[in-house]
Amino acid sequence: MIPGQFDYVRPGNLDETLRILKDREGEAKILSGGYSLIPLLKLRLAQPGLLVDIQAVGGLDGIIRTDDDWRIGSRATHRSILEHAGLTAEHALIGDAASGIGDPQVRNWGTIGGSVAHADPGSDWPAVLLALRASVVVRSLDGERVLPARGFFLDTFQTGIEPTEVLTEIRIPHAAPRTGSAYEKLERRAGDFATVGVAAVLTLAADGSIAAAGVALTAVNDAPFAATDAEAALLGARPDNDAFATAAGAAAAQSKPVSDSHGPADYKLAMVREITARALRQAAARAHGA
Ligand SMILES: Cc1cc2nc3c(=O)[nH]c(=O)nc-3n(C[C@H](O)[C@H](O)[C@H](O)COP(=O)(O)OP(=O)(O)OC[C@H]3O[C@@H](n4cnc5c(N)ncnc54)[C@H](O)[C@@H]3O)c2cc1C
């Protein structure tokens, strides 16, 4: 449980950070909250030559509303997101997800950017970003790239971020009228990683049918994924239990859970159906109230 040797720097601004990442490309690793990276260092599953601690880099922890979207700085903690009343009022699933991450200490230190960059297949934020069709903003000395969340989570612990890039911001489009959302997480004990996590976003048309749907799952595949077949099944349907059961079945068909300490694969598939239907019911109830 003792990490290998590494150098440590604490740059004071983003430009300095980017220069260090370029100069030490291949051996430098960003340290943000440290709640995923430090355990890996202790287990020697990660052995970087240099830790670039970005806690002193200013301007990365804001939560800003623009005319087009919400912009959440990569160093915004789970707690600061949970406590942002405007953001969670518009996108209720964000409050649902943030409140269920770890315990108060994890929520105080862990950051959304760290979670998204780490891309643990069981973490909560990736499913939320996929369902909301959010974008991830990364910067390097070559400039900025805006990457759609759909396509960003490539595989287990693998994303579209290059080693010389810093994740700076998450952008979330505003909710259309009559939109409701929910994140439902099945966990063995309070504070655990998900056994199954489902993010659902529904927009209702004026006639009450489903005009747009976002459904994404965590913990039941190599990477969090958008349940596109479930989304397609929902479009144009009435938001009722039959439609939700059909969509939940489609989400299960796209899931590939493995048996592990959270339970056997068959149990997880049954839970995908149950938790997906539950998230959709809650999203629809909130859309009716929106
Ligand atoms: C006990 C415990 C319980 C937890 N429970 C949950 C849970 O229920 N749900 C959940 O989703 N998560 C959970 N987590 C994980 C937690 O949310 C982490 O805080 C989060 O995944 C990583 O954020 P961090 O800021 O700590 O990142 P760090 O640990 O500092 O970094 C993680 C990785 O991301 C990279 N990185 C960090 N920031 C950036 C950036 N700005 N740009 C590019 N790369 C970056 C680092 O180089 C590293 O590879 C738990 C963790 C613990 C210890």
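The structure is a predicted model, in which local features need pLDDT of at least 70 and side-chain atom pairs count only at pLDDT 80 or more, while totals for chains, interfaces and linings use all residues. Residues are numbered from 1 along each chain as its sequence is written, and side-chain values use heavy atoms, with hydrogens and water left out.

**Overall build**

- The protein chain contains 11 helices and 14 strands; helices (H or I, at least four residues) and strands (E, at least two) are DSSP runs, numbered from the N terminus.
- The radius of gyration of the protein chain is 19 Å, close to the 19 Å that the globule rule gives for 290 residues, so the chain is as compact as a globular protein of that length. This radius is taken over C-alpha atoms, and the rule is 2.2 Å times the number of residues to the power 0.38.
- Along the principal axes, the C-alpha atoms of the protein chain fill a box of roughly 60 × 45 × 30 Å.
- Of the 290 residues in the protein chain, 52% are buried, where buried means under 20% relative accessible area, exposed over 50%, and partly exposed in between (1.4 Å probe, protein chains only).
- The accessible surface of the protein chain comes to about 12900 Å², and 50% of it belongs to carbon and sulfur atoms. Such areas come from the Shrake-Rupley method with a 1.4 Å probe; for residues, only the protein chains shown count as cover.
- Among contacts (heavy atoms within 4.5 Å) between residues at least 6 apart in sequence, 65% join residues at least 24 apart.

**Strand 3 and its parallel partners**

- In strand 3 (residues 50-53), Leu50 and Val52 point one way and Leu51 and Asp53 the other way, and all are buried.
- Strand 1 (residues 7-9) runs parallel to strand 3 and is joined to it by three bridges; two strands pair if DSSP finds at least two bridges between them.
- Strand 2 (residues 28-31) also pairs with strand 3 in the parallel sense, over four bridges.
- Valine 52 of strand 3 is the bridge partner of valine 9 and also of isoleucine 30.
- From strand 2 the chain crosses through helix 2 (residues 37-42) to strand 3, and this β-α-β crossover is right-handed. That term applies if, with the strands pointing away from the viewer, the path from the first strand over the helix to the second runs clockwise.

**Strand 5 and its antiparallel partners**

- Four of the five residues of strand 5 (residues 69-73) are buried, so this strand is largely enclosed by the rest of the structure.
- Strand 4 (residues 63-65) runs antiparallel to strand 5, with three bridges joining them, and a hairpin connects the two through three residues.
- Strand 5 and strand 10 are antiparallel and share five bridges.
- Isoleucine 72 is the bridge partner of isoleucine 63 in strand 5, and isoleucine 72 stands opposite isoleucine 170 in strand 10.

**Selected residues**

- One aromatic pair is found in the whole structure. The rings of phenylalanine 152 and phenylalanine 153 have centres 5.0 Å apart and planes at 90 degrees, so the pair is edge-to-face. Rings of Phe, Tyr and Trp (its six-membered ring) pair if their centres lie within 6.5 Å; planes under 30 degrees apart count as stacked, over 60 as edge-to-face and the rest as tilted.
- Phenylalanine 152 counts as buried at 1% relative accessibility, and phenylalanine 153 is buried with a relative accessible area of 9%.
- Threonine 164 lies in the loop between strand 9 (158-159) and strand 10 (166-173) and is buried, with a relative accessible area of 14%.
- Not counting residues up to four places away in sequence, threonine 164 touches Leu18, Leu21, Lys22, Glu25, Arg139 and Ser140.
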